[in-house]
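The exercises below concern one protein model. Work through each task before reading its solution.

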Amino acid sequence: MEYRTLGRSGCAVSSLCLGTMTFGAETDETGAHQQLDRFGEAGGNFVDTADVYSDGRSEEIIGRWFASRPADVTEPVVLATKGRFPRGGDDSPNGAGLSARHLTRALDTSLRRLGLKSVDLYQVHAYDPLTPLEETLRTLDQFVRAGKIRYWGLSNFTGWQLTKAVHLARALNVAGPVTLQPQYSLLAREIEWGIAPAALDAGMGLLPWSPLGGGWLSGKYKRDERPAGATRLGEDPDRGMEAYGRRGTERTWNVIDVVQKVAEDRGVSMAEVALAWVTGRPAVTSTILGARTMSQLETNLRSAQLHLTAAETAALDAASDPQPADYPYGELGVEQRARGLPGGHWAQPLSPARA
């Protein structure tokens with residue numbers, strides 16, 4: 001397992017992060033504890049959860065794991081959680097958002113479920129247009145000063161929202177964000193147009209979620225064959241952004257074909273290839289793994305040992321290129337940004353296919 005720092009912080013985390021959204025829903029407590037044990041044995045030290053995962057049960061399961069394991073097992077763990085959304089059907093006016101009131105209650109409740117006095121990384125789960133950003137930043141800074149959290153980060157923020165948070169934190173002389181948790185995979189690369197460059201510019205690390213595109217990049221779904229059986233889409237083919245009718249485009253199948261070819265040539269699984277591609281992208285600190293079973297986790301963990309060649313990366317980049325319009329992120333915009341910049345720095349999008 002490789003280790004990288006959380007953005008500009010000095011905290012080192014494994015290049016793979018154990019995501020726990022399945023805990024308490026698709027994975028029972030015994031299976032969840034086995035995953036946590038195995039992840040640590042493999043050298044993983046970064047675990048990510050949220051207060052809304054299984055309506056708090058994910059945090060409770062993790063808390064009981066901490067309580068039942070010796071210190072030499074739990075001490076290395078860098079733990080991250082999130083707050084922003086309502087829980088348990090709470091539709092009260094202050095039951096969600098990034099206000100001082102809601103975040104304070106959300107963090108305190110998370111700490112109680114986890115059975116801990118502090119967490120290493122606390123992430124705001126999404127932007128809140130109703131709460132002044134100054135209020136949110138001062139609240140997070142107070143959490144740091146009180147020792148309830150060590151660092152804080154963002155999740156699902158756009159480029160301008162991220163940049164505003166970074167510069168406002170500097171202006172207020174408060175602790176700033178160290179990470180951004182966005183959706184990022186071979187099937188969802190649009191963050192490369194503005195969000196990833198903003199994170200790089202700010203020195204923030206990316207923590208990609210859904211790196212397998214909701215299971216699509218593992219090869220479990222077939223062209224012209226509607227999903228069925230014990231898979232997420234088999235149980236609900238119209239599930240969110242992963243829906244078969246929405247994601248089953250010609251571009252998706254082309255990407256899957258190239259992932260399959262690289263996997264066959266290297267003698268590894270398609271999941272390993274897709275995860276290795278994400279983990280090797282600029283600014284990525286740690287790729288979040290989501291596994292329902294121990295078998296899935298074992299497959300995902302093997303990606304830590306896989307490093308793609310330049311040719312393999314270029315082939316995957318070309319197949320997955322989201323093809324932005326000519327301006328501002330396409331060819332005309334690239335040409336304009338290249339003028340007058342020594343070495344073309346920041347002139348090219350992150351995709352080597354356009355370099």
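**Exercise 1. Find what Leu-154 is in contact with, leaving aside neighbours within four places in sequence.**

Solution. Contact means heavy atoms within 4.5 Å. With that cut-off, Leu-154 is in contact with Val-124, Leu-162, Ala-165, Pro-177, Thr-179, Leu-180, Gln-181 and Met-204.

The model is predicted: local features need pLDDT of at least 70, side-chain atom pairs count only at pLDDT 80 or more, and totals for chains, interfaces and linings use all residues. Residues are numbered from 1 along each chain as its sequence is written, and side-chain values use heavy atoms, with hydrogens and water left out.

**Exercise 2. Identify the residues of the largest nonpolar core that touch the most other members.**

Solution. Start with the term: a nonpolar core is a set of buried Ala, Val, Leu, Ile, Met, Phe, Trp, Tyr and Cys residues joined through side-chain atoms within 4.5 Å. Buried means under 20% relative accessible area, exposed over 50%, and partly exposed in between (1.4 Å probe, protein chains only). The largest such core has 77 residues, and Tyr-122, Leu-154, Leu-162 and Leu-217 touch the most other members. Its largest share, eight residues, comes from helix 11 (residues 270–279). Helices (H or I, at least four residues) and strands (E, at least two) are DSSP runs, numbered from the N terminus. Another core lies apart from the largest one; it has eleven residues, including Cys-11, Cys-17, Leu-121 and Ile-288.

**Exercise 3. Classify the packing of helix 2 and helix 4.**

Solution. First take the geometry: the angle is about 45 degrees and the axes are 7 Å apart. Axes are lines fitted to C-alpha atoms, for helices over the stretch in contact, and angles run from 0 to 180 degrees between N-to-C directions. Next apply the classes: under 35 degrees is roughly parallel, over 145 roughly antiparallel, 65 to 115 roughly perpendicular, and the rest oblique. Helix 2 and helix 4 are therefore oblique to each other. Finally, list the residues: Glu-59, Glu-60, Ile-62 and Gly-63 of helix 2 meet Ser-110, Arg-113 and Leu-114 of helix 4.

**Exercise 4. Locate Asp-55 and Ser-210, and state whether each is buried or partly exposed.**

Solution. Asp-55 lies in the loop between strand 4 (46–48) and helix 2 (57–68). Its phi is near 55 degrees, a positive value in a residue other than glycine. Asp-55 is partly exposed, with a relative accessible area of 33%. Ser-210 is in the loop between strand 9 (205–206) and helix 8 (232–235), and its phi is near 55 degrees. Ser-210 is buried, at 16% relative accessible area.
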